[in-house]
Amino acid sequence: VALLDILHFQSSNVWTADMLIKVMAYFHAQEVTFTLSSLQMSIKSYLKNLLYQPRQLLPEFQQLDQQQFQTAMKYLFNSRKDHLKMGNIILDWDKTRERIFQSPGVNRTLFLITLDKCFLALSALDCVDILSQVLHVSAVNYLQPDVIGSLPNVLQEDAFRNLSTVFKDLYDKTSANTQRALYGWMKQILQKSYSMSEFNESTSWVSAENLRILGRYMVHLPLEEILKISLNEIRLFISYDNATKQLDTVYDITPELAQAFLERINSSGFDMRNTSTIYRQDCFSFSFMAVLGLLVCFYDNMEQMDAAMARALLHQMIKCNQLRGFQAEVQKLKSQLLNIAMQNQTLNDTLGSLSDAVVGLTSSQLESLSPEAVHNAIATLNQVSGWAKSQVMILSSKYLSYEKVLSFYNVSQMGTLVTGISTQSFYSMNPKELSQIIRGTTSQYLSDLSPAQQQGILRKIAASGDFSSSVKDIQGAFFKEVSLSDLWKQTGYNSSMMKEKELRRSQALYLYELLSKKNYPVDLLSTGQLVKGVTCQLIESMDTDFFLNTFKFFEKNLHLLSPYQVNCLAWKFWKVSNASIPPFLLLVLPIEYLEYVSGPLCVPFIESLGKSEMDLLNPNLHKKNAVLQKIEECLNGSVADEYDVDLLGNLICHLPPAFLHGRMSLKAMATALHQFKLCQQLSHEQKTEITYKLLELYG
């Protein structure tokens, strides 16, 4: 409160030489005792304590009056000042804010207090903006169904639309329970915008505009509600310019709901058997099937289905692989449509119009195709995913037999089928054409080639003498195939070239040493991949200031470092600045160094480990158990609530089954469920204990 009063006082007064004395007098009058010399340290200490004790921040925020709350929100979310200057007192506010927003516990408190106080103290639009900022920097696990009940149920139209847009942006990051709760909140407000007296049981509150506002949340409409939507409103919704984009994103819609929407659309006057175009307000024409988005994946009316309509449907169903499930039903529908589309026509004639249903063709059917048919259909075939290797070989062979001469243009047309080109065929190409392949759009498929195919390309270019210019253009994982001898022969490398390449450790060692002769070390480390080439000898030789200032590059690329490199970094840090060593590096040092973690070091230790992947630090079982024991000690023997879950972060995946069974509260489990879903290697025993907890929690 004292700090906020200072900030508010500063915002409306000009600092003079005697201003601090007046501030001190003000605080003494408020019975808050400070000395001039201790004020700055007190402020810094207070802010640091809040970062490590976010539970205490919530009641403190709740006690603020309206003016103090407004000041806090202003400096947290709207201030553009890098430093706060109060006479001789200078705070690095930019760094402090960064630390605040990196703390999951503090973010949770800011989210909860915004819901609790903001809409009473600030404008609704400002509060929506603050909620958006907090949610976008968080893991969104604050959005639990019980918290959503605290969202305001009366909002100005602009504020509601802005907040619903925030929730639509975060849809994929939230659980199904949270999505349903958010749908319920949106429904509650949208219903209030109608005079419900005008409606009865046979009509719906779902208008065209409300469907647009719901966005992807439309998949949570009950079946009976969809069937009650006015046909006029459905017709109006389909005519919206952004309706197709919205329907293209309903990845989690069920067949029953999709078919209900299709039934209402068909009843509204659109003839879905009509494969001609419809017109929207912007005068662009669209195939009607294209307007339906992912709803086409569940079209089930096969009556009077003709070949033209089957082909139109198949063309749109290429996007159905984005659905979250129901692929068996989709494949069955594609198979039925494929049979209809080919009626009274040869496969050679229809190949280009069958979309990705061609994946369902047998090898014998593909063998029967003419080279000309494959050539004519290549614009469709090159977009299809899910090919078997044998299918790729057949289609590539057919296409290339028609083209006669393999060129850059031919290869660039093949898309995913490029993997079917033989090593010998690549090697027979003109080196300049191969160099164009490395630089062109086809380069995205080069990492999918076999090592033999990749070496065929590299050997031919190297033999031509044009390798020096080409090697610089090789991107991604393909660069790993370049031999050390080929790298050694070339010149003209620079650090910026390395940013888009993946390197083997041996390549990184050579290139780091080579480039360090003409580049600053910080430029090399900032490339990412080149950190693989930093030896322990180099780490040891770094002076203290340089090491501390560049450590962030190693920390950011921890996944690229070898256990040996991480070990060297840990010992170096301990040697030059053991008081400020990143806590996660203690995991690398001998077990006895964990004894340094206690009291005020507990929270930064757990938070640091929780933000990294413990497996990247490669602890042995004995050390891992010691770390988990230290974490249990720091948490006072239990995971008590959501703040403990926030603090644990990724560490929650490593909690032993016995701890989950007896030391994790049900309140914490409700929050932790989202985090557990992200764990990739939970043991059978951990899963069993989590299941028991969920049964206890939800029945």
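**View 1. Helix H14 gives the most to the lining of the second largest cavity, with three residues.** The model is predicted, with local features needing pLDDT of at least 70 and side-chain atom pairs counting only at pLDDT 80 or more, while totals for chains, interfaces and linings use all residues. Residues are numbered from 1 along each chain as its sequence is written, and side-chain values use heavy atoms, without hydrogens and water. Helix H14 (231-239) and helix H16 (255-267) each supply at least two lining residues. Helices are DSSP runs (H or I, at least four residues) numbered from the N terminus.

**View 2. The second largest cavity has a volume of about 40 Å³.** A cavity is a set of points, on a 1 Å grid over the protein atoms alone, where a 1.4 Å probe fits but cannot get out; lining residues have an atom within 4 Å of a point. The lining consists of Leu 211, Met 218, Ile 234, Phe 237, Ile 238, Leu 247, Phe 261, Ile 265 and Leu 295. By class, these are nine nonpolar, no polar and no charged residues. The count of cavities of 30 Å³ or more comes to three.

**View 3. Helix H5 (residues 66-78) and helix H7 (residues 104-121) have axes that come within 11 Å and cross at roughly 125 degrees.** Axes are lines fitted to C-alpha atoms over the stretch in contact, and angles run from 0 to 180 degrees between N-to-C directions.

**View 4. Residues of H5 meet residues of H7.** Contact means heavy atoms within 4.5 Å. Gln 66, Phe 69, Gln 70, Leu 76 and Phe 77 in H5 meet Leu 110, Ile 113, Lys 117, Cys 118, Leu 120 and Ala 121 in H7.

Key
On a 1 Å grid over the protein atoms alone, a cavity is a set of points where a 1.4 Å probe fits but cannot get out, and a pocket is an open set with protein on both sides within 12 Å along at least five of seven lines; lining residues have an atom within 4 Å of a point. Grid points are joined across faces, edges and corners, and a volume is the space filled by probe spheres set on the points. Ala, Val, Leu, Ile, Met, Phe, Trp, Tyr, Cys and Pro count as nonpolar, Asp, Glu, Lys and Arg as charged, and the others, Gly among them, as polar.
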